[in-house]
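Student: I would like to learn how to read packing and backbone features in a model. Can we work through one together?

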Amino acid sequence: MLKIGGDLCDWNAISCADEKEKFEPTVFRDTIIQGLNEAGNDLEAVSKFLDVTGSRLDYRRYADTLFDILIAGSMLAPGGTRIDDGDRTKVTEYCVFGATEDQQIIRNYAQVFNKLIRRYKYLEKAFEDSIKKLLLFLKAFSASEQTKLATLTGILLANGSLPSTILTSLFSDNLVKEGISASFAVKVFKAWMAEKDANAVTSSLKKSNLDKRLLELFPANKQNFEHFATYFTNAGLKELSDFLRVQQSLGTRKELQKELKEKLSQECPIREIVLYLKDEMKRNDLPEQAVIGLLWTCVMNAVEWNKKEELVTEQALKHLKQYAPLLAVFSTQGQSELTLLQKIQEYCYDNIHFMKAFQKIIVLFYKADVLSEEAILKWYKEAHVPKGRSMFLEQMKKFVEWLQNAEEESESAEGEDD
């Protein structure tokens, strides 16, 4: 009986120890640190230790502590200072911050996290929250530690272990003001793009709507594209500068289109619309061919078109004659004229009632000095788009022949004058 009782006492003692290990954060910390110190730089051994230990330690309850130790080597206080920095027995150098600043080595650490989260799926959200928290603590970390965390973050973003929304932590005012946000973001993007191409990075940024907030990495007085472009290009990330330029241009065009629609619906004087567009072109560095494309779309969307083919052509010519002077102001370059020709071609193909109106619209614009002879001939010979190609070329055949003959007669007359 005593023996049995003794065995029961031993069993209770073991159970108590297990419970203590599970539910006391300091015991949890000591167990993890001991295991990491024993495994050392053998990351396969680290993964095996974490896999096995998860069955007797409460990872769910102490996830924050677990990830603090795996990344920083110790438990962290609010703000990022090490709680046990003075006691070397309660910290470990076998962690991300203790590793060498090398992408391959940090990639191996990323695999440790991947394996751990695959094994204990419930840690996925906790890991995301821990990284978000660590990004807010960047001021407490050394430059080298920031670089390693940025590299780890970039790799984990690339392999899909973290969502790009974690980067919202970088918009914290105290990080932005000190320039930490921008420098850290550069390192993250470099590591990310070393794993994936620039398109994968920009696609992820767009998906999470972070493309609209990239300027917020800088203080308010530097939140402009020029500063962003210079900073990121000098850091070797011209792809992101080009990406933001395109995104900003698209955003500007949407706003421009919205304002144009409003002005056309109010039947504002053409002079007023011209002044507005020229101001926007200058302010946003918009090329003329971008404006002419938008202008064509807005002018055509300003009308409720007749559904009968025989009537819509007459309606279109009357409407376009009214706005030909406006279109002429923004088709002064050869490329702008070609853009307009292609837009007209695509519109007439996409809107079946306009298919027979194409040639008449081009002739109207030729007579109104919106389109030049050179642009029409270039479009006919080589610059047309595939949509409705044969049909529209056939429509234009006689007019193009007339233009060519007129050109030849003009050259002949000039020759006789000489």
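**Reading the packing**

Tutor: Start with Phe228, which touches Leu214, Leu215, Phe218, Leu240, Ser241 and Leu244, residues up to four places away in sequence not being counted. Contact means heavy atoms within 4.5 Å. This is a predicted model, where local features need pLDDT of at least 70 and side-chain atom pairs count only at pLDDT 80 or more, while totals for chains, interfaces and linings use all residues. Residues are numbered from 1 along each chain as its sequence is written, and side-chain values use heavy atoms, with hydrogens and water left out.

Student: Is Phe228 buried or exposed?

Tutor: Take the cut-offs before the case. Buried means under 20% relative accessible area, exposed means over 50%, and partly exposed lies in between (1.4 Å probe, protein chains only). Phe228 has a relative accessible area of 0%, so it is buried. Phe228 sits in helix 11. Helices (H or I, at least four residues) and strands (E, at least two) are DSSP runs, numbered from the N terminus.

Student: How many residues are in the largest nonpolar core?

Tutor: General idea first. In soluble globular proteins, nonpolar side chains tend to be buried together. A nonpolar core is a set of buried Ala, Val, Leu, Ile, Met, Phe, Trp, Tyr and Cys residues joined through side-chain atoms within 4.5 Å. Here the largest has 78 residues, and Tyr59 and Phe189 have the most contacts inside it. Helix 9 (residues 180–195) gives the largest share of this core, 9 residues. Setting aside neighbours within four places in sequence, Phe189 is in contact with Leu167, Val201, Leu205, Leu214, Phe232, Leu237 and Leu240. Another core, of 54 residues, lies apart from it; Leu286, Val299, Ala316 and Val363 are among its members.

Student: What does Phe399 touch?

Tutor: Phe399 touches Gln359, Val363, Tyr366 and Ile376, not counting residues up to four places away in sequence. Phe399 belongs to helix 19 (residues 389–417). Its relative accessibility is 10%, so Phe399 counts as buried.

Student: Now charged residues. Is Arg29 buried or exposed?

Tutor: Apply the accessibility cut-off again. Arg29 is at 4% relative accessibility and therefore counts as buried. Arg29 lies in helix 2 (residues 25–39). With neighbours within four places in sequence left aside, Arg29 is in contact with Ile69, Met75, Asp84 and Lys90. Between the C-alpha atoms of Arg29 and Phe228 there are 42 Å, and 199 residues along the chain.

Student: Which residues are in contact with Glu128?

Tutor: Leaving aside neighbours within four places in sequence, they are Leu162, Pro163, Thr165 and Ile166. Glu128 is in helix 6 (residues 123–136). At 16% relative accessibility, Glu128 counts as buried.

Student: How do I read a helix pair? At what angle do helix 3 and helix 5 pack?

Tutor: Axes are lines fitted to C-alpha atoms, for helices over the stretch in contact, and angles run from 0 to 180 degrees between N-to-C directions. Angles under 35 degrees count as roughly parallel, over 145 as roughly antiparallel, 65 to 115 as roughly perpendicular and the rest as oblique. Helix 3 (residues 43–53) and helix 5 (residues 103–119) pack at about 20°, their axes 10 Å apart. That makes the two helices roughly parallel. The contact uses Leu43, Glu44, Val46, Ser47, Leu50 and Asp51 of helix 3, and Asn108, Tyr109, Val112, Lys115, Leu116 and Arg119 of helix 5.

Student: At what angle do the axes of helix 14 and helix 16 cross?

Tutor: The axes of helix 14 (residues 288–301) and helix 16 (residues 334–350) cross at roughly 30° and come within 8 Å. Helix 14 and helix 16 are therefore roughly parallel to each other.

Student: Last, the backbone. Which value does phi of Asn209 take?

Tutor: Most residues other than glycine have a negative phi. Asn209 has a positive phi, near 65°, and is not glycine. Asn209 is in the loop between helix 10 (198–207) and helix 11 (225–234). Its relative accessible area is 44%, so Asn209 is partly exposed. Asp369 also is not a glycine, and has a positive phi of about 60°. Asp369 is in the loop between helix 17 (358–367) and helix 18 (373–383). With a relative accessible area of 63%, Asp369 is exposed.
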